[in-house]
Amino acid sequence: MTQILPEITNINAAFWQGGKNGELFISQCDDCEFFIHPPSAFCVKCHSRNVSAQAVSGDGTVSSFSVNFQKWLPELETPYVVAIVELKEQENLRFVTNIIGCDPNSVRIGTPVEVTFENHEDVWLPLFRPKEFGAET
Amino acid sequence: MKKNVYITGVGQSEVKRPSLKSAEELTVDACLEAVSDAGLSLADIDGVACWPGDNNNGAPFSPIGPVGLKTLLGLDLKWFGGGYEGPGPIASLINGAMAIEAGICRHVLVFRTITESSARQKDKTASTLGKLGAKNGRDRSNLWGNYTPFGVHSAVMLVAMYAQKHFHKYGLTSEQLGQIALTCRANAAENPKAIYRSPMSLDNYLESRMISSPLRMFDCDIHCDASTAIILSRKDCAKDSSRDPVLIEAIGAGNSQPWSWDQISLTHMVARDVAQDMWSKTDLKPNDVDCAQLYDGFSILTLIWMEALGLCEIGEGGRFIEGGKRIARTGEMPINTNGGQLSGGRTHGLGYVHEACQQIWGRAGARQLKTCNTALVAAGGGPLGGSALLRRGDI
């Protein structure tokens, strides 16, 4: 049980399943356009209840990261990079993810990254890879 | 500002890795010692507070909660409460103090039992987050479910990202950060109950294996089995006890940010909210503090608390602790004088309160500070955080 998956709900389905069609969805206020994460039903900025999932660019930068070496579970493959990526759409719009497709030791704070998806059952995990390593920009 | 809540007694079981005693035995040991220390009997206790409580699952993180304790000791209570959702590991102290301020209780028994060491002897993965939060491979936790799908099996990976940010933004170095672990180990050498007491050098620290960069093994606290208990008493009732009590001068429990490890400030978590809240409630200033007992579940958290609480300037923590002299027992701001959780053992919260009181009461033995009238306690990491300023009472 190395791969843990999220429980899919009405609110978070777009975020976890948007990758099926190659798109990253983030909750956004229909009234003031503020992005809210984790997925929500209420705008903390203007207090509107008109919030819906909207596709974003999938581009961002590494806010911070850690290379994990510890085998927390016997079958865990290490090392791997856990990161917090900030999306380009809004300051501090960010979430925990993994950086893949590069040498773990090459990741830096500020590294430009783009989203890529990894499918497990009914979930498409939004992961990121460095832009310079990506196929297209 | 009225200040009505005093600490009148403390108690602690043995602290072992692992203990052969059950959670119940450890808990009774700690609670009876605290009640006796306060000069009270069990009949005087009319409130119980615990963080996080057993949450109906009896997990080794907190195998006994308020209701378990009530039954175990046969207490007649006016109020009891527990639960994870509060201002971090000393939420119990804060809740208990509020029960007294609200006029509900006279003497509140605050306690915390933890048996993670014996649990890990049976199952090395007993405390991984996936094990705690996921059922059938699906994590339903609103908090951890955002992180565990990405291989976050321990809070260390989240905290490591705070450390990485500090390295990047403020120029913190491993050599500087290592002073937290070294200081705790040096203090543990003078604490007979501490788990690890043999000397640690900076080379030992730097050579310890990387867990989640930039945090090494010696940046992580050590599981243990233990129980700690604190007695809170209302001002007029505190006069019953035999010793000068410790006044809770101020509490910090503020939180202006999302309850989340990745949405809050990556450099100062919730710690600055908590600190601002606490200092607004007292005339005392950071330079009145004689020692600071600061959460060291991971070393970087201690440094972040130091900055947030104003014990040094924001971003200057690394340079402040460099060489370790300032934070040693003979320094200007001694920290974690019992060895903290890094070397003393992960009693997880109340251990800091226990040590602060021992120092104020002059009972800390070989590790006793020359002067200790005021002690600062802060606990938690990420979105969890609470603090308390304690000083020698003046009833």
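Q: Is the crossing in which H10(B) passes H11(B) left-handed or right-handed?
A: H10(B) passes H11(B) in a right-handed crossing; a crossing has this name if the near helix is turned clockwise from the far one by less than a right angle, and is left-handed if anticlockwise. This is a predicted model, in which local features need pLDDT of at least 70 and side-chain atom pairs count only at pLDDT 80 or more, whereas totals for chains, interfaces and linings use all residues. Residues are numbered from 1 along each chain as its sequence is written, while chains are lettered from A and ligands numbered from 1 in the order in which they are written.

Q: Why are H10(B) and H11(B) called oblique to each other?
A: The axes of H10(B) and helix H11 (residues 299-308) of chain B come within 9 Å and cross at roughly 40°, the axes being lines fitted to C-alpha atoms over the stretch in contact, with angles from 0 to 180 degrees between N-to-C directions. Angles under 35 degrees count as roughly parallel, over 145 as roughly antiparallel, 65 to 115 as roughly perpendicular and the rest as oblique. H10(B) and H11(B) are therefore oblique.

Q: Which residues of H10(B) meet which residues of H11(B)?
A: Ala271(B), Arg272(B) and Ala275(B) in H10(B) meet Ile304(B), Trp305(B) and Ala308(B) in H11(B). Contact requires C-beta atoms, placed from the backbone, within 7 Å. These residues divide into five nonpolar, no polar and one charged, where nonpolar covers Ala, Val, Leu, Ile, Met, Phe, Trp, Tyr, Cys and Pro, charged covers Asp, Glu, Lys and Arg, and polar the others, Gly among them.

Q: Why does Met269(B) count as buried?
A: Met269(B) has 25 C-beta neighbours inside 10 Å and so counts as buried, the requirement being 20 or more other C-beta atoms within 10 Å, with 12 or fewer for exposed and partly exposed in between. Met269(B) is placed in the loop between strand S10 (246-252) and helix H10 (271-279) of chain B, and its phi is near 45°, a positive value in a residue other than glycine.

Q: What makes Asn56(B) exposed?
A: Asn56(B) is exposed because 8 other C-beta atoms lie within 10 Å. Its loop runs between S2 and H2 of chain B, and its phi, near 60°, is likewise positive in a residue other than glycine. The loop between strand S2 (47-50) and helix H2 (66-73) of chain B also holds Pro52(B), and the peptide bond from Trp51(B) to Pro52(B) is cis, with omega near -5°.

Q: What makes Ile90(B) buried, and which residues are in contact with Ile90(B)?
A: Ile90(B) is buried because 32 other C-beta atoms lie within 10 Å. Leaving aside neighbours within four places in sequence, Ile90(B) is in contact with Gly349(B), Val353(B), Val377(B), Ala379(B), Gly386(B) and Ala388(B). The C-alpha atoms of Ile90(B) and Gly351(B), 261 residues apart along the chain, are separated by 9.8 Å.

Q: How do you know that strand S1 of chain A and S6(B) pair?
A: Strand S1 (residues 5-6) of chain A and S6(B) share two bridges in the parallel sense, and pairing requires at least two DSSP bridges. Asp139(B) is the bridge partner of Pro6(A).

Q: How many residues of chain B are in contact with chain A, and which element gives the most?
A: 30 residues of chain B are in contact with 26 residues of chain A. H6(B) gives the most, with six residues. Helices (H or I, at least four residues) and strands (E, at least two) are DSSP runs, numbered from the N terminus.

Notes
Two residues are in contact if their C-beta atoms, placed from the backbone, lie within 7 Å.
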